[in-house]
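Here is a protein model to read through.

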Amino acid sequence: MDLPIAVGVDGSDASLAAADWAAREALLRARPLRVLHAQPLMPHLLPSWSRPTQSSYDLLHEVRHVLAVRHPQVTVRTDEVHEAVTAALVAAGEDAELLVLGARGSDGFPELRVGSTALHVAARAGCPTVLLPVDSPGAHPREQVVVGLDARRPAEAALLFAFLAARSYGLPLRIVHAEAGSAAAGADQGHGVGTALLTRVLEPWKAAYPEVEVVADTEGAAPGPALVEASAKARLLVLGRRPTDQVGLLGPVAHAVLHHADCPVAVVPEA
């Protein structure tokens, strides 16, 4: 059975943009698209400012119509789920190839780039989760896929996801090798060692995906700033999420990237 691409919508502009992005990804991957809207069990008990302003039926009908016009080749299924939003989205990720969310939903204030729901789901979902930034992409050309990599502890699932994405997009893959603390004193001394280690790590991947052009970036920069800078020219930025991380929490690098990246960011859980 082909697992769907799942996307959560709440009526916000960010979630509708996420639905459009997810539909294009579903077409590229030849997968069906599941559009999910979670409704609280008793919305009348919510504060007035957080109650839904549009019925679930109307919202899903509108999204289905827009997607049918823009992406007629994609098979779309819509689901209304009566459950807490975070729980519904994490559950959807258990039966999806990819989960897509707007970085900020309808309840976020304008200055907020990433909402609590998106962070919660990205830290817990069992499948790769793509968060779309609130702001529209800048003027830079989207000429590559970027993946963050610590060659001393390579995230295999994130690397696989990044190579497959670069191949499907027909874009080069930029490997940003930046370890925590690499910008501290002594980084230059370890630069040659890091480059050699990165070369060894990437050898089997290059052999498995010869059609993907790989650009290795071993600049001695801190991981967060290096990845945020790379995002300016990226169609997609990929991060790994380690099982050894504290349950339900993303690390400081992931937080920095999600709050400042200029492109969609995929958070890929490691087995």
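Predicted model: local features only at pLDDT ≥ 70, side-chain atom pairs only at ≥ 80, totals over all residues.

Q: How many helices and strands does the protein chain have?
A: The protein chain has eight helices and 10 strands.

Q: What share of the 271 residues in the protein chain is buried?
A: Buried residues make up 46% of the 271.

Q: Why is Arg34 called buried?
A: Its relative accessibility is 17%. Buried means under 20%. The value of Arg34 falls under that cut-off, so Arg34 counts as buried.

Q: Where does Arg34 lie, and what does it touch?
A: Arg34 lies in strand S2. Leaving out residues up to four places away in sequence, Arg34 touches Pro4, Ile5, Ala6, Val7, Arg77, Asp79, Val81 and Ala92.

Q: What makes Ser231 count as buried?
A: Ser231 has a relative accessible area of 0%. The cut-off for buried is under 20%. Therefore Ser231 is buried.

Q: Which helix holds Ser231, and which residues is Ser231 in contact with?
A: Ser231 lies in helix H7, residues 223–231. Setting aside neighbours within four places in sequence, its contacts are Arg142, Leu237, Ala261, Asp262 and Cys263.

Q: Why is Ala30 called exposed?
A: The relative accessible area of Ala30 is 56%. Exposed means over 50%. Ala30 passes that cut-off, so the label is exposed.

Q: Where is Ala30 found, and what is its phi?
A: Ala30 sits in the loop between H1 and S2. Its phi is positive, about 55 degrees, although Ala30 is not a glycine.

Q: What is the order of the strands in the open sheet?
A: The 10 strands run in the order S3-S2-S1-S4-S5-S10-S9-S6-S7-S8, and the pairing is mixed.

Q: What makes strand S3 and strand S8 edge strands?
A: Strand S3 (76–82) and strand S8 (214–217) each pair on one side only.

Q: How many degrees does the twist average from one strand to the next?
A: The twist averages 25 degrees.

Q: How do you know that S4 and S5 pair?
A: Pairing needs at least two bridges. Strand S4 (residues 98–102) and strand S5 (residues 129–132) have four, in the parallel sense. The count meets the cut-off, so S4 and S5 pair.

Q: Which residues stand opposite Val130 and Leu132 in S5?
A: Val100 stands opposite Val130. Gly102 stands opposite Leu132.

Q: How do you know that S5 and S10 pair?
A: Three bridges join S5 to strand S10 (residues 265–269). At least two are needed. So S5 and S10 pair, and they run antiparallel.

Q: Which way do the residues of S5 point, and are they buried or exposed?
A: Thr129 and Leu131 point one way, Val130 and Leu132 the other way. All are buried.

Q: Which strands does helix H1 touch as it packs on the sheet?
A: Helix H1 (residues 13–29) touches strand S1 (5–8), strand S2 (33–39), S4, S5 and strand S9 (234–241). The direction of H1 makes about 155 degrees with that of S4.

Q: How many degrees apart do the axes of H3 and H4 cross, and within what distance do they come?
A: The axes of helix H3 (residues 85–93) and helix H4 (residues 116–124) cross at roughly 35 degrees and come within 9 Å. The crossing is right-handed.

Q: Which residues make the contact, and what classes are they?
A: H3 brings Val85, Thr86, Leu89 and Val90, while H4 brings Thr117, His120, Val121 and Arg124. By class, four are nonpolar, three polar and one charged.

Q: Which residues of H3 are buried, and what covers them?
A: Ala88, Leu89, Val90, Ala92 and Gly93 are buried. The cover includes S1, S2, S3, S4 and H4.

Q: How many residues has the largest nonpolar core, and which have the most contacts inside it?
A: The largest nonpolar core has 49 residues. Those with the most contacts inside it are Leu33, Val35, Val100, Leu173, Ile175, Leu236 and Val238. Helix H5 (residues 156–169) gives the largest share of this core, eight residues. Apart from this core lies another, of 37 residues, among them Val114, Val176, Val257 and Cys263.

Technical notes. Residues numbered from 1 in each chain as written. Heavy atoms only, no water. Axes fitted to C-alpha atoms, helices over the stretch in contact; angles between N-to-C directions. Helix = DSSP H or I, 4+ residues; strand = E, 2+ residues; numbered from the N terminus. Left-handed = near helix turned anticlockwise from the far one by under 90°. Contact = heavy atoms within 4.5 Å. Nonpolar A, V, L, I, M, F, W, Y, C, P; charged D, E, K, R; others polar. Core = buried A, V, L, I, M, F, W, Y, C linked by side-chain atoms within 4.5 Å. Buried < 20%, exposed > 50% of the residue type's maximum accessible area, 1.4 Å probe, protein only.
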